[in-house]
Protein chains: 4
Amino acid sequence: MSMNSFGHLFRVTTWGESHGPALGATVDGCPPGVPIEPEMLQQWLDKRRPGQNKNTTQRNEPDAVKILSGVFEGQSTGTSIQLMIENTDQRSKDYGDISETFRPGHADITYWQKYGIRDYRGGGRSSARETAARVAAGGIAREAIKALAPNVEIKGYMTSMGELEIDRSKFDWDAIDQNPFWIPQGAEIAQEWEDYLQKIRKEHNSVGGIVEVVARNVPAGIGAPVYGKLDTDLAAAMMSINAVKGVEIGEGMNAARLMGTDNADEIYMGENGPEYSSNHAGGILGGISTGQDIVVRFAVKPTSSILTPRKSIRKDGSPIEVVTKGRHDPCVGIRAVPVGEAMMACVILDHMLLHRGQVGENRGKIG
Amino acid sequence: MSMNSFGHLFRVTTWGESHGPALGATVDGCPPGVPIEPEMLQQWLDKRRPGQNKNTTQRNEPDAVKILSGVFEGQSTGTSIQLMIENTDQRSKDYGDISETFRPGHADITYWQKYGIRDYRGGGRSSARETAARVAAGGIAREAIKALAPNVEIKGYMTSMGELEIDRSKFDWDAIDQNPFWIPQGAEIAQEWEDYLQKIRKEHNSVGGIVEVVARNVPAGIGAPVYGKLDTDLAAAMMSINAVKGVEIGEGMNAARLMGTDNADEIYMGENGPEYSSNHAGGILGGISTGQDIVVRFAVKPTSSILTPRKSIRKDGSPIEVVTKGRHDPCVGIRAVPVGEAMMACVILDHMLLHRGQVGENRGKIG
Amino acid sequence: MSMNSFGHLFRVTTWGESHGPALGATVDGCPPGVPIEPEMLQQWLDKRRPGQNKNTTQRNEPDAVKILSGVFEGQSTGTSIQLMIENTDQRSKDYGDISETFRPGHADITYWQKYGIRDYRGGGRSSARETAARVAAGGIAREAIKALAPNVEIKGYMTSMGELEIDRSKFDWDAIDQNPFWIPQGAEIAQEWEDYLQKIRKEHNSVGGIVEVVARNVPAGIGAPVYGKLDTDLAAAMMSINAVKGVEIGEGMNAARLMGTDNADEIYMGENGPEYSSNHAGGILGGISTGQDIVVRFAVKPTSSILTPRKSIRKDGSPIEVVTKGRHDPCVGIRAVPVGEAMMACVILDHMLLHRGQVGENRGKIG
Amino acid sequence: MSMNSFGHLFRVTTWGESHGPALGATVDGCPPGVPIEPEMLQQWLDKRRPGQNKNTTQRNEPDAVKILSGVFEGQSTGTSIQLMIENTDQRSKDYGDISETFRPGHADITYWQKYGIRDYRGGGRSSARETAARVAAGGIAREAIKALAPNVEIKGYMTSMGELEIDRSKFDWDAIDQNPFWIPQGAEIAQEWEDYLQKIRKEHNSVGGIVEVVARNVPAGIGAPVYGKLDTDLAAAMMSINAVKGVEIGEGMNAARLMGTDNADEIYMGENGPEYSSNHAGGILGGISTGQDIVVRFAVKPTSSILTPRKSIRKDGSPIEVVTKGRHDPCVGIRAVPVGEAMMACVILDHMLLHRGQVGENRGKIG
């Protein structure tokens, strides 16, 4: 019942503040014998790392992950894995002035009200820096999935940012890794996104975005009704990411507008089992995977840490106009892409293990 | 780690199938001394109960809840409470023909693939009938909240159904209980909704809808970052409801379209503490309640159990056109309203207890 | 984190009071496809049932278990199983006078202090009657184990009662089911035990006892260090039984008296893998099963519900001499035998599922 | 459901191997505002630390604990606390020869069988070195208890070692901290124990022991029946410690020999509430604290790592005589004293928080 943990059998507990000595994740329940080297995790941390280009914060952290336990001679041992990322670039002075004030739209005020104490440096525990620990843990999950189901592929990308939206008719899976927004579109569109975002940055503003994460080739049968549903756990996993305000599976909120004749995915028999005419369900029926792509989308709000002054109060209740200097992303949605992928990987692995535990292998044959 | 349980300190485990002898909820962790009588729970079950009007299924179940344990002389004892609802109106013959077929858009196929056995009668465990147990448990949660924070008010209502949407400029809180759609609008609008739905029913179709649930006067400070966030648990709670495909907190998916200057709720000092100029956050910052209204929205897909034939397969893989007779709601979103309220009540109570456990009372003073 | 639940993947939540309408267990996580009929559970309940002979309470309950969910056409479906036992023989008047007094050595006083309310009838929730629910759940566990590892055999027996002790040199496994004390000795010894107990009963007294439970043919490799150890969970499971004051694994408390040269079980290679020269470890090393017999022992205190007057107080603090009339076992240890077996079965199954979940099959070969 | 975690609201997850770079504990659920400095934890680690005298292993580790998160300006923030202890004195060469062999009585063989991989250096995860993390976490728990109930006092001591036993008629609470065995007896007796142990060491042997841990002034009312009982959690906590084979509460296994007239603690009214004529119950009735001393005892087996040759096998199944060189305690029970205290502190705090969560303050008045 730890409040800093998620997962059932594959269970991740994160710890650490933005400006403390280090942060990390304690990963429990990893199957034994999974090949794990720091570089396997580092590649995902590098994807999330700030300071790579002008669309993300200029804070420059190597974010080098160390594996302190649970891995021996390059393989997981089945015991708890400790992942640590040292904080090396902490300019705490940037944040000193916020120790007595509350940034609007930020967790400053609620942490203070609840706990009566908070590490205000860089947002402390509420900083999005915590997601580095998730990404590292997600790297473990990816390797464990690879050992169990080598064809599973997990990829995230942005589908919208402010008023921009991708053109699904020109969806290009291969383009995703070729641009700084992880959008499934060509370089021209990426340039438009960049121009749009730079304009917002120069206006001392920020903007929200939507991230979609897809898991392909996940076997049918994982997920456990009625409260350990695959979509339930995905919703919780994504909503727990900083700044996320909405989560959708498959058709998502739009399902409310559809008729039953449109929404239900018709079934036919393919060569290797059931196939579906469409995927409104997002690969999940009754909380259990169908074998189709698992599709999750989440909305990230515009960061509240902006240079434009906003009205707020101090601890003593006096009014103040807050301007957040520090170094902040104009669109935190961009860096949420690898975080969403990591959460997807953790949830998928967890449910693969749960399924194996309770059921073993799928028991119902079709055809 | 029970898959049929939710909640941390206030923990609900549901059991039962649509056409078994009974279904119910085992409720653990209720504070002692809470006044509980069956009628207190029955009122919410009656709100959810089918057969009340032509907009919902004609299945007629009294849905009478029995309290089998944990309540003594009209008060909770602090031990586990068993709530049982007997199934009295089971016309299993209506469903016999689906034992070998899979309804498109339904959990039939995934339950079969995973478990190799399923109670196909009325959808068995995957039936929305399971939500009766949640509603009963939510009734317990409401009484416990009342004992701890008497001003808390929890109310759900529909905000859209297919192409219809409420007019927020004419939002009428008092109208909600006056119409069969639980919409916050006058009788005329309700009549429009009814005409629209009857048309869909006659066309042998179904339609989706959006439900919004609001909790007023919840004290600031409940919720526990970073994975036991109030919004994380609300997202999981709502997504676990049958047919839900999306969950939003406050601004929800729309946050992706906003600028930072628009989205952050400015703070000023009110008479009784901090107040906010707006509520884009839906009453939650950093996973902790702000004291504002907690606002959750979720989309319910159109039921896949319709009279219009849909293509599917049988267990043996052969093709079939499925027509679901039975008795089904043309818009299951309507009856999801009391279910959403129940989930909200359970989550709020759970977090009030968790907060009291870890923190006692809010420790940070403002002003 | 439910306080009325135990187990990880196979999770049992019990509910109900001694004199309420019913009690039972909600069993979650049972593998699908396990054959389950009420009679399979009833046999163990009959073993625990009071009123069978003069060594146990004369309360006469059929203790008939009903399966309300999770079983379809004689097989588990993988969803939550509800087991209910109705209370049919409640002579509440026997207990009326204890509503204002606290029996020495009984949970009356602590339940009252903590909760400020208690169902005092027959001990309410603290009654050993709760263990009927465990025994029913244990019946499910036994069938699920049978499906996974047919050779596993679980048996409990008494090893001591007051000043009597079994003679291990004449241990007779087959005699266990032939006498009312479940002792592994012949009929003559059983007669001695009976005479001894009747004497104690006539003296209006009660006596403690020790129960040993053995699980044979449990595969090596189940159990998960360092807090989900097999022995850790067994210790918790047994200590949670009413009146238990001590739990031992293998050599138990006596290990403190041994030298390292005596205690370590030497290993040699048998035909089917490693074998051991002795079993001081009780079949568990480092929290993981060795493949030897798993041996657990627990001490049950003499019941405090006796006819001999004992000094105590009333709710108002005034002194009183308490004589507990009701119907009580002179040695509750006897009926703890099937309860201990049930707990063993639940823990073994749970760890078999956990092992399959995290590891699949044992990965380390020897020889 | 993490296998390396214990506790409900105050939840500790440990990680690390004996000879890896570091080990530690992730502590979740600590109340905010608790004063915490490294020295507060270090004092308990120093008590457990090896190399202090010839009765314990000569391994010399400073065991310096670092607090990496969750503490800000000397106070807990309510977020997850990471405690890290670096391993500085790892003579791995001592252990190289055991990579292919299994020590009798040790977890070597079961870890191998289960996981197919193990960090064999110094026992890896199964090393008693893991308990350093518990002791550090216990230091946090002690400070949090101090903030909630300043009078609580937790102390452990040995009551027997091999054939030696303390003389309870000469019990001296103040002597405990004055001798290296933590026995409640004068220096003369301690000398006897030392002589006895040195003789065993010189004989290349080891010996078991019994540790008793007492918690004084714990308020009545903590503990939650029927599976979250205080004694249930204490039994699990103690049994999870390396080499523990038995756990007793109050009268313990001896309760089996008593009559009901002897065992029940009579109650009378004291100045500040109920008092008891004796404490056979060990301060717990029905799983809930009575306000008396909470008394737990556990037996620690003699370590299997001894210089006397023992028969065993290699991975390939071939026979071998094992002599464990390394540096090992002749009686690991001695260093189990601070570990038992730490587990007691964690369990007591956890249940104080749980009680506050569900109940608030005790609701039942007496007198």
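G246(A) lies opposite E248(B), a residue of β11(B). In this predicted model, local features require pLDDT of at least 70 and side-chain atom pairs count only at pLDDT 80 or more, while totals for chains, interfaces and linings use all residues. Residues are numbered from 1 along each chain as its sequence is written, chains are lettered from A in the order in which they are written, and side-chain values use heavy atoms, with hydrogens and water left out. Strand β11 (residues 244–249) of chain A pairs with strand β11 (residues 244–249) of chain B in the antiparallel sense, over three bridges. Strands are DSSP runs of E of at least two residues and helices are runs of H or I of at least four, numbered from the N terminus; pairing requires at least two DSSP bridges between two strands.

Chain A and chain B each contribute 114 residues to the contact (heavy atoms within 4.5 Å). About 8,900 Å² is buried between the two chains, 61% of it on carbon and sulfur atoms; buried area is the accessible area (1.4 Å probe) lost on putting the two parts together, summed over both. On the chain B side, the most area is lost by K114(B), Y227(B) and K245(B), together 10% of what that side buries.

Two salt bridges cross the interface (a side-chain nitrogen of Lys or Arg within 4 Å of a carboxyl oxygen of Asp or Glu). R310(B) and E266(A) are joined by a salt bridge between their side chains, at 3.5 Å from N to O. Helix α2 (residues 108–115) of chain B supplies seven residues, the largest share of the side of chain B that touches chain A.
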